[in-house]
Structure formats: C-alpha cells, structure tokens
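Visitor: I would like a close look at one part of this model. Please take me to the place where the chains meet.

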Protein chains: 2
Amino acid sequence: MIQSIALVTLGVGELERAKAFYAALGWTPQREMDGTAFYQANGVVLVLWARAKLAEDMGIADDGATWSGIALAHNVPSKEDVDDITRRARDAGAEVTREPAETFYGGYAAGFRDLDGHAWEVAHNPGFGLMPDGSVDIGAEPR
Amino acid sequence: MIQSIALVTLGVGELERAKAFYAALGWTPQREMDGTAFYQANGVVLVLWARAKLAEDMGIADDGATWSGIALAHNVPSKEDVDDITRRARDAGAEVTREPAETFYGGYAAGFRDLDGHAWEVAHNPGFGLMPDGSVDIGAEPR
C-alpha cells in the first residue's frame, strides 16, 4: 500500500446546502454525477455525498454517533490490490465493513475501519485516472 | 481559498497502536514530534495525533459523538489568509471553533466546522514548506 489518499468524502445532510457553503469558500466542482460533487484539489479529491448513501456504500450502520461521516479512499490499480490490502487491514485488526465486491460505478472496492473507527475505502475504479503517486484525476479540467 | 487539503489528521486513542496498524499496511512516518506522526502521501499529509489533543487544539468539545475525530487542514501563505478564510467561512454559516490565533508550533491558525460538522483547520505554518498547489512537504525525505 503506497502512502496515498485519493479522495476524502464528506457525508452531508443536504448536498445543495453543502455545495453552497464550499462555493462561498471558493471551491468549484470539476464533476457532478449521481448526486455527488467532486472537487479536484492538490492530488486529493474532496467529495460531497449524502451521508446516508456514503454509509450504505461503506457498509456502515450509521447511528449518527460512532462514525465520523467521513471516508478516506485509497485507490489502487487492480482488483487484486483491493483484496490484498483488505486482507492486510483485517489481519492488523481492522473491521472490514464491506467485503471486496463490484461497485455500482463499475469498479471493485472494499471498506474497513481502522482501530479508532476511521473509515477507509480501498477501490479500483477504472473510471478515474490513477496517477503513479496514488492520486486520481477526475479531470474535466486538466490541471 | 484554493482547492487544497494539506493535512488529514486522524484523532486516535493510542498513538503507538495506531502507528502499528498503519505500519502493517505499509505506511512509514517521515516525521514524528510531540506525540504526532506525519505520513507524507500524494500531496496530502496523513497525521496521527491523540484525539483529545486534536479536539483541544481545534476548540471542539469532544463528547465522542457529534465530532468525527478527523480534522482537515487547509494551509495558507499568510496570517491574513487565515483571517480572511475564517471570515468567509463564518459568513457562510460555519461554526468557528477556534478564533484565529498564534499556535503552539509557532504558526497562526483558526478552526471551523462546516454545515455538517466536518472540522477544518486553516493554518499558516512557517515550519512546513507550502507548495503552490496548497500541499505541504513535511519532508525529511524528498519526493
């Protein structure tokens, strides 16, 4: 697992309200689809997505208390990498919240929570360009 | 505010336990100081820090439920930028949890929570190299 965070997804109550807040700070999404807004930042991509959908996708039972409402994504070049990293995380004591499986966006991903409950997605997403340093370029606008 | 996330800080219960977990996944800290571990990733830096200290530093009353235990940091070139962004965030409805002030590490920072409670630090830190894209290089090891 190279040291990379491809995406930081913030679970939000109302997408339009959250988008308006980040717009007020000067952020502009490069891509929007399926009720999700993607903001290309410095290698990492900030994502706004409905908290309930994010929880469901991560396999997390969200009681509004024990989960942060944030997921960090580590993107990898192959399905085998997803399997391998998930196995290593489980062996190290992580709770695997989503077993490696195909995703609705045509990828393959797993989810786990680290020893303090912080949520990670490990994803192979052919729809995103994956850079050698582990960044993704969601890229309507080349940078 | 340019679109950047300089650091993602995970609040942890026991630093050594958390470090051992990330070591098992293949992560190596480039810098450790004051009970904090810094992992240089793809532009963004992953930081492990005691959750209680992170909460105190951010001005957050951590009841273990309504805060994520995660802080995103947006680093800027000047104190004036900290003041300006904090003002814009407040005007957009954010709760300012830490008014702009000098920090223990010789910088100047503020903290706010967005409309969904996600915590941001806005920091001017002369001790970190700030890249034009908003990344910091904590850099014992050049990349």
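How many residues of chain A are in contact with residues of chain B?

Guide: Keep in mind that this is a predicted model. In it, 39 residues of chain A are in contact with 39 residues of chain B. Look at the chain A side. Five elements of chain A each give two or more residues to it: strands S1 (7-12), S3 (36-40) and S5 (70-75), and helices H1 (15-24) and H3 (79-91). H1(A) gives the most, with four residues. By type, this side of chain A divides into 21 nonpolar, 13 polar and five charged residues.

Now cross to chain B and find Ile85(B). It sits in helix H3 (residues 79-91) of chain B. Ile85(B) touches one residue of the other chain, Leu25(A). Within chain B, Ile85(B) touches Met1(B), Val76(B) and Val122(B). These contacts leave out residues up to four places away in sequence. Is Ile85(B) buried or exposed? Ile85(B) is buried, because 20 other C-beta atoms lie within 10 Å, and 20 or more is the cut-off for buried. His74(B) is 11 residues from Ile85(B) along the chain, and their C-alpha atoms are separated by 9.8 Å.

Step back to chain A as a whole. It has three helices and 10 strands. From the N terminus on, they run β-α-β-β-β-α-β-α-β-β-β-β-β. The radius of gyration of chain A is 15 Å, close to the 15 Å that the globule rule gives for 143 residues, so chain A is as compact as a globular protein of that length. Buried residues make up 48% of the 143 residues in chain A.

Key
Residues numbered from 1 in each chain as written. Chains lettered and ligands numbered in written order. Predicted model: local features only at pLDDT ≥ 70, side-chain atom pairs only at ≥ 80, totals over all residues. Contact = placed C-beta atoms within 7 Å. Nonpolar A, V, L, I, M, F, W, Y, C, P; charged D, E, K, R; others polar. Buried ≥ 20, exposed ≤ 12 C-beta atoms within 10 Å, placed from the backbone. Rg over C-alpha atoms; globule rule 2.2 N^0.38 Å.
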